[in-house]
Amino acid sequence: MKKYELVRSLKILGVDENASFCDVQTAYRKLVLKYHPDVNRRLDAPRRFREIVEAYGLVLEMMGSQATAVGARLIDSVLKDRMIRAMDAEELEKRFRYSSSPDVRASAMIALVLHGGEGSRRILFKALRDSDERVRVAALQTAGTLCGMKDVLRIFASLLLERKLVVWKRAFKEISRILQRRVVDFNSEVMTVSASRSQG
Amino acid sequence: MVHRPIWTAGPYGPMVVLPAGAIYPLFRLWGYIMEPIIGIDFGTTYSAVAMFQGGTFHTIPNEYGDRVIPSVVYIAETGDIYVGRPAKNVAVLHVDSVVQSVKRELGSSLLYHINGQSYTPERIASFIFGTLRSIAEKQYGTPVKKAVVTVPAYFDDCRRKATRKAAQMAGLEVLRLINEPTAAALAYGFSTEREGKVLVYDLGGGTFDVSILEIREGVFEVIATNGDASLGGDDFDRKIVEVLVEQFREENRIDLKEDRFALQKVYEEAEKAKRLLSEQRMIEIEIPFIAADKRGPLHLTSRMTRLFFEELICSFLDKTIRLVKATLKDAGLKPEDIDRLLLVGGSTRIPLVRKMLAETLGLEPEGSISPEEVVAMGAAVQAGVLSGQTANCVLVDVTPLGLGVENQGGLMHAMIPRNTPIPARASVIFTTVQDYQKAVLIHIIQGERRNVKDNLSLGSFRLEGIREAPKGEPRIEVILEIDTNGIVDVSAEDLDTRCRYSVTLDNTFRLSEDEVSSMVLDAQVSALDDMHLNCYSNSLVEEERL
């Protein structure tokens with residue numbers, strides 16, 4: 001029942017199952033601009049609008065709005081930084097690789113992921129293996145907010161495969177927290193595997 | 001079937017014949033564009049009117065050049081009605097026939113008796129709306145029939161309806177009631193095109209509101225709203241008056257409170273003193289010939305420092321800061337998440353307000369628009385949206401108070417929780433508790449508390465003519481709706497027979513002003529209380545079932 005509702009909500013918002021927190025927000029805003037009774041004079045506009053609001057609420061709940069809000073805050077702070085905004089991908093990558101300060105590395109990583117493209121996943125994986133814990137946690141939080149569910153699962157699975165979980169206890173906790181909230185209704189096989197592992 | 005223009009060869013070459021069905025919407029569109037819609041900020045102490053024209057908005061000055069007019073009405077013995085500055089000027093002379101702060105009484109059953117006639121608060125308010133309308137008409141040169149009117153976010157259903165009724169009495173069709181803090185954010189966001197999370201702190205003459213909005217990609221989304229429908233600059237004036245009157249009594253043994261004319265004069269001076277204290281550190285208050293005794297006329301002279309004034313109003317401001325923190329909590333945000341602080345209302349010119357907010361949020365307020373006019377401008381922006389003149393922004397507001405029905409245990413069954421985006425709708429299914437019961441009394445309540453008695457009653461209605469059946473069998477669906485104006489609508493339907501019940505709410509029992517204002521603070525304090533009560537009442541219902 002719940003899963004059906006979630007799938008329906010995603011359909012109303014016009015996003016796929018792998019949509020990220022930011023994607024959902026953008027989709028919601030576009031729909032609101034189109035269907036709010038103020039701007040749409042069709043008779044069924046109020047009903048459509050209510051549906052959209054309800055769907056949005058449900059999807060946010062499923063994504064674990066607490067976990068994603070932390071990530072969103074982090075991303076916001078990077079977006080606000082004018083210096084970082086002015087840099088191009090190459091420069092950011094340089095910063096991410098060679099800077100000695102973990103804060104600089106973390107913000108460069110987030111900016112790179114925001115730039116998008118194929119490289120973003122690679123950057124995230126790299127950040128997850130960073131020597132400093134702050135960067136690792138930032139990477140996890142970014143993943144929780146910006147990446148779709150499938151990407152998060154993929155990251156988690158790869159962490160499991162590397163069997164370095166003991167070293168990254170904090171990181172592991174963080175990601176399983178994000179996952180447990182999200183995957184309640186997605187009976188993905190990876191999840192069942194990872195859940196049983198995490199208990200052991 | 002699509003209405004497609006048909007090309008024909010006319011006597012003077014090809015021409016287009018439009019089907020009748022296509023012409024009608026064109027006329028309507030024309031009407032939307034040409035018909036002026038004004039934005040009205042109807043305040044407790046001051047009101048303003050604004051309009052949207054040519055992609056921008058501005059407030060309309062009256063014939064004296066004032067952009068805000070005092071919300072004061074004077075009804076002369078001749079039957080003439082004066083609104084605004086002329087009325088305020090004669091307030092001392094005609095204490096009995098001048099009405100001030102009528103907004104506080106909207107929706108109550110109070111009557112004003114002036115020159116042998118009685119006026120409802122709505123009637124008095126309609127005079128102010130009429131004046132604002134005529135100011136706009138002079139500017140446009142055409143009749144104005146439609147308006148967007150602002151109300152405090154924390155106004156409940158009754159007061160919203162009363163405001164709408166007052167505007168209707170003045171011959172204005174209210175296209176939309178919008179909340180004052182949201183309107184302010186709309187004006188701000190529209191004119192500066194900045195994005196982010198905005199906290200609006202609206203401390204006006206009689207009401208306080210705080211809202212947190214997120215502005216992104218043209219969507220103005222209200223995240224949380226809180227407020228107090230009876231806290232404002234009027235309270236600060238009263239505090240100063242109390243001090244002055246007390247001082248005068250100690251000096252001269254005369255109680256100014258018994259002399260209504262003198263008291264009115266003191267009120268006016270207190271308001272002036274309050275304004276001056278925002279700029280100066282110390283002022284002298286002088287009111288000559290305020291009273292007389294055997295020795296001759298007496299004058300009131302006093303000194304007041306800003307520090308002393310701040311001490312007087314500190315308790316009020318503490319309350320507002322508490323509400324700001326509660327709103328942040330509702331929104332699930334931390335003070336550092338707020339990007340901008342927007343101050344609305346004349347009372348926010350007080351330096352202490354700015355200081356306290358800077359301490360709480362660590363932000364300096366935005367100072368681009370005048371705090372008195374920004375609300376009217378926001379209403380004008382909304383008018384622009386509704387008339388189709390601008391389509392790139394939309395406002396998603398929330399309901400500040402929860403809405404629900406009373407259940408069997410005397411508890412509130414919340415159906416629409418607060419901070420739900422409006423328009424909202426919820427339904428609940430009722431049944432009978434006795435065999436062959438013929439009617440059900442349904443009690444609609446608005447508020448935050450679990451216990452019905454602590455909340456505001458919107459009224460109750462009887463569902464008559466339920467089909468005869470054993471208890472628990474009939475299923476009656478009651479649907480509660482909040483429209484985009486924040487006004488509540490109720491309907492009911494029998495799910496088995498599909499027969500609809502007509503529902504009219506009667507507002508017979510209303511709480512007094514103070515009770516309403518303290519409702520939410522109470523709700524926060526006594527959440528623990530409610531938990532106990534909840535258990536208790538649930539057990540009662542259980543017992544009944546057994």
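Trainee: What makes helix 6 and helix 8 of chain B count as meeting?

Mentor: B:Asp235, B:Phe236, B:Lys239, B:Ile240 and B:Val243 of helix 6 of chain B meet B:Leu312, B:Ile313 and B:Phe316 of helix 8 of chain B. Two residues are in contact if their C-beta atoms, placed from the backbone, lie within 7 Å. These residues divide into six nonpolar, no polar and two charged; Val, Leu, Ile and Phe count as nonpolar, Asp and Lys as charged. The model is predicted: local features need pLDDT of at least 70, side-chain atom pairs count only at pLDDT 80 or more, and totals for chains, interfaces and linings use all residues. Residues are numbered from 1 along each chain as its sequence is written, and chains are lettered from A and ligands numbered from 1 in the order in which they are written.

Trainee: How do you know that the length of helix 5 of chain B agrees with its number of residues?

Mentor: The expected span is 1.5 Å times one less than the number of residues. For the 13 residues of helix 5 of chain B (residues 180-192) that gives 18 Å, and the end C-alpha atoms are 18 Å apart, so the two agree.

Trainee: Why is helix 5 of chain B called mostly covered?

Mentor: Eleven of its 13 residues are buried, among them B:Pro181, B:Leu186, B:Tyr188 and B:Phe190. A residue is buried if 20 or more other C-beta atoms lie within 10 Å of its own, exposed if 12 or fewer, and partly exposed in between. Just after this helix, B:Glu193 takes a positive phi of about 55°.

Methods. Helices (H or I, at least four residues) and strands (E, at least two) are DSSP runs, numbered from the N terminus.
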